[in-house]
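Colleague: I would like to learn how to read a model like this one. Could you take me through it feature by feature?

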Amino acid sequence: TERHRVLSLLRTPLLGVPALPGVEDEEVAELWSGDVPVFGTRPGSTELWSGTGRTVAGAAPDRPSYDTARDRSPHDRAADPAAGDAVGPTGLARVEAKVRAMDTVDRQDQERIIRAAMVSTSPEPPHRAAPGGRSRSAATAPEPEQLLSAARSVGDQLVSLAYRHGSRTNWIGLELLGERYWRLTPMAADLAGGYTGPALFLAQLAALTGASRYAEAAREALTPVPGLLDALHGRADELGSLGSGAFAGLGGIAYALTEVGTLLGDREVLDLAGPAVRLSCAAGAAEDGYG
């Protein structure tokens, strides 16, 4: 039958090689029963348990694992008493090995991401009014050197926290979903919460300090913009939902490109501003309301 022919593809290399032998058999069995294939495991085990309750053996032998032998059911031990004696490393062991291999910078980076992820799921309000207040101090204008030093500190942190792949630079940030939930994700292109914001800050800092590392990071952050603009030119029906706004819309992207190109004297970046402005105008004509 057609259904049998389609499901049999799971046993061929066409859809990739299964990570564990026997997984595809359990998938097919559950699909034939009208169920969604589900597999479970434990951190200290290399075995999987299918939705039917059957056990799928662990990965290729690598080293003995007490946890895996302990987690096997009595029926499995009786059927194959030696199967749990030599298995690959458990998921927990792999994670522990990866953490041990991290240096101080890697661990700090992971801890920062974990803290941000936990804060983003907290039901507590983001800000609480503290009782009392700080005592007033004399109003004094900071020296320009102090402000520039603080800006350089922020710029250095942006450069150090950036993720780089090839000629691309980006950051992990928080994205607001539905005006209610926060999601930890690579930055999008908008000015307020996306990579064009740090790019603009770094370009301004480069213009003030002459430091090439800030200018380089700003240019690298804008690497995906040409492809983004080309894609949007072919999807005019979606411009209204993107909007022309300065913070989360195409207007902010056009502004950032204009400023970065001017600050860095970069003609390639400036040439992107024109298409971005035209897209912003088209979005403004198509959107409901303002921005």
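Modeller: Start with burial. This is a predicted model, and 31% of the 291 residues of the protein count as buried. Its secondary structure comes to 13 helices and seven strands.

Colleague: How many residues reach a pLDDT of 70 or more, as a percentage, and what is the mean?

Modeller: The mean pLDDT of the protein is 83, and 82% of its residues reach 70 or more. Over residues 60-85 pLDDT stays under 50, and for that stretch the model has 40 contacts beyond four places in sequence.

Colleague: How should I read contacts against sequence separation?

Modeller: Take pairs at least 6 apart in sequence and ask what share is at least 24 apart; here the share is 53% of such contacts in the protein. Not counting residues up to four places away, Pro43 touches Thr90, Gly91 and Leu92.

Colleague: Where is Pro43 found, and is Pro43 buried or exposed?

Modeller: Pro43 is found in the loop between strand E1 (39-40) and strand E2 (48-50). Pro43 counts as exposed because its relative accessible area is 56%, and the cut-off for exposed is over 50%.

Colleague: And how do I read a nonpolar core?

Modeller: In soluble globular proteins, nonpolar side chains tend to be buried together. In this model the largest nonpolar core has 39 residues, and Trp171, Leu202 and Leu257 have the most contacts inside it. The elements giving two or more residues to this core are helix H7 (144-161), helix H8 (196-209), helix H9 (212-221), helix H10, helix H12 and helix H13 (267-286). H12 gives the most, with seven residues.

Colleague: Which residues is Leu257 in contact with, leaving aside its neighbours within four places in sequence?

Modeller: Leu257 is in contact with Leu222, Val225, Leu229, Val269, Leu270, Leu272, Ala273 and Ala276.

Terms used:
Residues are numbered from 1 along each chain as its sequence is written. This is a predicted model: local features need pLDDT of at least 70, side-chain atom pairs count only at pLDDT 80 or more; totals for chains, interfaces and linings use all residues. Side-chain values use heavy atoms; hydrogens and water are left out. A nonpolar core is a set of buried Ala, Val, Leu, Ile, Met, Phe, Trp, Tyr and Cys residues joined through side-chain atoms within 4.5 Å. Buried means under 20% relative accessible area, exposed over 50%, partly exposed in between (1.4 Å probe, protein chains only). Helices (H or I, at least four residues) and strands (E, at least two) are DSSP runs, numbered from the N terminus. Contact means heavy atoms within 4.5 Å. pLDDT is the predictor's confidence in each residue, from 0 to 100.
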